[in-house]
Amino acid sequence: MASNPILVPILGDQLTRTLASLRGRTKDDTVILMMEVWDEATYVKHHKQKITLIFSAMRHFADELSDAGWSVDYVKLTDPDNSGSFTGEVARAAERHDPRAIHIVEAGEWRVQQQIEEWPDKFACEVEVLPDDRFLCSHAEFKDWAEDRKHLTMEHFYREMRRKTGLLMNDDGKPKGGEWNLDKLNREPPKEEMNPPPVPNFDPDEITREIMDLVADQFRDHFGDLEPFRWPVTRDDAEKAADAFFAQRIEKFGPYQDAMVHGSDDMYHSMLSTSINLGLLDPLELCERAEKAYEDGAAPLNSVEGFIRQLIGWREYIRGFYWLKMPGLASDNKLNAQRALPEFFWTGETDMRCLSDCIRSTREDAHAHHIQRLMVLGNFCLLAGINPREVQDWYLIVYADAYEWVELPNVSAMILYADGGELATKPYAASGNYINKMSDYCKECRYSVSKKTGEDACPFNPLYWHFMDRHRDRLASNHRIGRIYSNWDRMDNAKKQAYLDSAQGFLDQLEPADKSWARG
Ligand code: FAD
Ligand code: DLZ
Ligand code: SF4
């Protein structure tokens, strides 16, 4: 190793061999630093599988780099000298290696980026922070796009990304199939006999087992089941998971994207978000594979367009929105929602069958699919007026794919309307009817989805009107939702009061969560 090498810290969600900070570097002049630190593992009490996933993927990635001839300085959580923070570990590594410069790719999260921005003042050597070009759209590009727009409509952004990548585009600049967005074809309710092919399971190897022992010991009071642990932790396994999706599930991904079935949180979804967010899979490569599946006749356009839209549309848009709106987004609460998160979000103990199933899969798998996160769990938090900070913590903790850059806009702006409607043009509020249409939950629920008020009524029904009524001032002028108030106004006063009383009765009996589930 040359003296005064370049020190390249690689964070836990930067596990990509072509990372900007490694590109163009020579192996005899570079020391890669990877750090397991208490600050990251405990600033919220992440699900046990999330910690296992990240540490195991980090250790496998470090081995892969070492096998390829890189010098990797890997600090384990249990290292007695571990300072517990990124900054502390970079300082210790700087003492060990006396680098002439530190090169790091910008952090995904605002909180971590704030720490990195202090490094030039803290360290004697030069610090270079590189853009994370694993995303298609840079912060500056998103800012330019957003400037002077009244509404930051995802659909407009998505079309820009389609043009930029050429994905599903004809040579004349028009979208393949003639339409940009085929979402209207992607709302099939579940069928009786669907039998989606099982998602591949990846049995823990020795490295993962060692971390599972660590997690069982050190993080035993964190939420979630540690076993069975089935997530891919290497690029090879992540690619096997992608192969299985493209071979078996993409065909029906589109139509059943919004369908919910009791006991199933994978359905025809890709289950690739953990690998994509860690950096094990490249989203653009996945989109190109999806397009090829369409060209080869292996998947219909609505499935392929839907998948590509999630990745180059929603995922990129969400990240751009996060960086545009931080730090204010984290404390936005435009609907002034102040109710505590109910305890059943941690225990799953509720008679609401839809919620208890989504919380079960969250506890067992550190996963729930999009429509469960949005229209069951999210819809409940919106209608019940749960405080955004508590909802944000919950989502960040419980999902194995959760990092603040992707969790926060989805929670604060998409489900809670806490930003006042800059991301979502209307709140995603729905009564039990929507859940009944799109799932098999209601038929065996203790509540009746057809009952509107009273003890046995599906709680979503009165909660929906309670929400609409209490936010009338803000929502009545919204042209996408305002006409709902004419239905409310047509009801007689006794019926309205019955709705409001039922909702209030339900809200009053919710037991607030013990705060120690979330932090410290
Ligand atoms: P698929 O259904 O197969 O979708 C394909 C890919 O599209 C996903 O892997 C993901 O990378 C991307 N994607 C889809 N929707 C979104 C979206 N709204 N935002 C960003 N990317 C998207 N996704 C996360 O990766 N991390 C989170 O912390 C997260 N929190 C969420 C919180 C809420 C309230 C909601 C409504 C959605 C959240 N999502 C989050 C988005 C989405 O639910 C998950 O990406 C998806 O369920 C992961 O499963 P999958 O890989 O099978 O996804
Ligand atoms: C989520 C997480 C956890 C639990 N632990 C670590 C860790 O010990 N070391 C690390 O490099 N990264 C960890 N991460 C992921 C980081 O929080 C992630 O890299 C930041 O969110 C990026 O901004
Ligand atoms: Fe959920 Fe209501 Fe259906 Fe029960 S009846 S499963 S609470 S939507």
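In this predicted model, an oxygen atom of ligand 2 lies 2.5 Å from an N or O atom in the side chain of E40, a polar contact in the sense of a pair of N or O atoms within 3.5 Å (within protein, one atom must be able to donate a hydrogen and the other to accept it, and residues adjacent in sequence count only if both atoms are side-chain atoms). Ligand 2 has 18 residues around it, and ligand 1 has 28; a residue counts as near if one of its heavy atoms lies within 4 Å.

**Ligand 2**

- The residues that come nearest to ligand 2 are G12, D13, M35, V37 and E40.
- D13 places a polar side-chain atom 2.8 Å from an oxygen atom of ligand 2.
- E109 takes part through its backbone, where a polar atom is 2.9 Å from an oxygen atom of ligand 2.
- The protein buries 100% of the 490 Å² that ligand 2 exposes when taken alone, with accessible areas from the Shrake-Rupley method and a 1.4 Å probe (for residues, only the protein chains shown count as cover).

**Ligand 1**

- H269, S270, M271, N277 and D401 come nearest to ligand 1.
- The side chain of H269 has an N or O atom 2.7 Å from an oxygen atom of ligand 1.
- For S270, a polar side-chain atom lies 2.7 Å from an oxygen atom of ligand 1.
- In N410, an N or O atom of the side chain is 2.9 Å from a nitrogen atom of ligand 1.
- On its own, ligand 1 has 820 Å² of accessible area, of which the protein covers 99%.
- The shell around ligand 1 has 15 nonpolar, nine polar and four charged residues, where Ala, Val, Leu, Ile, Met, Phe, Trp, Tyr, Cys and Pro count as nonpolar, Asp, Glu, Lys and Arg as charged, and the others, Gly among them, as polar.
- At least two residues of this shell come from each of α10 (273-278), α12 (301-325), α15 (370-384) and α17 (404-415); helices (H or I, at least four residues) and strands (E, at least two) are DSSP runs, numbered from the N terminus.
- α17 supplies the largest share of the shell, six residues.

**Helix packing**

- α15 packs with helix α16 (residues 388-398) at an angle of about 150°, and their axes are 11 Å apart; axes are lines fitted to C-alpha atoms, for helices over the stretch in contact, and angles run from 0 to 180 degrees between N-to-C directions.
- α15 and α16 are therefore roughly antiparallel to each other, as angles over 145 degrees count as roughly antiparallel, under 35 as roughly parallel, 65 to 115 as roughly perpendicular and the rest as oblique.
- Helix α6 (residues 139-146) packs with helix α7 (residues 154-165) at about 130°, with axes 11 Å apart.
- That angle makes α6 oblique to α7.

**Backbone features**

- E227 and P228 are joined by a cis peptide bond with omega of about -5°, and P228 is placed in the loop between α8 (206-218) and α9 (235-253).
- M326 and P327 are also joined by a cis peptide bond, with omega of about 5°; P327 is in the loop between α12 and α13 (344-347).
- N4, a residue other than glycine, has a positive phi near 45° and is found in the segment before β1 (6-9).

**Conventions**

- Residues are numbered from 1 along each chain as its sequence is written, and chains are lettered from A and ligands numbered from 1 in the order in which they are written.
- Local features need pLDDT of at least 70, side-chain atom pairs count only at pLDDT 80 or more, and totals for chains, interfaces and linings use all residues, while side-chain values use heavy atoms, with hydrogens and water left out.
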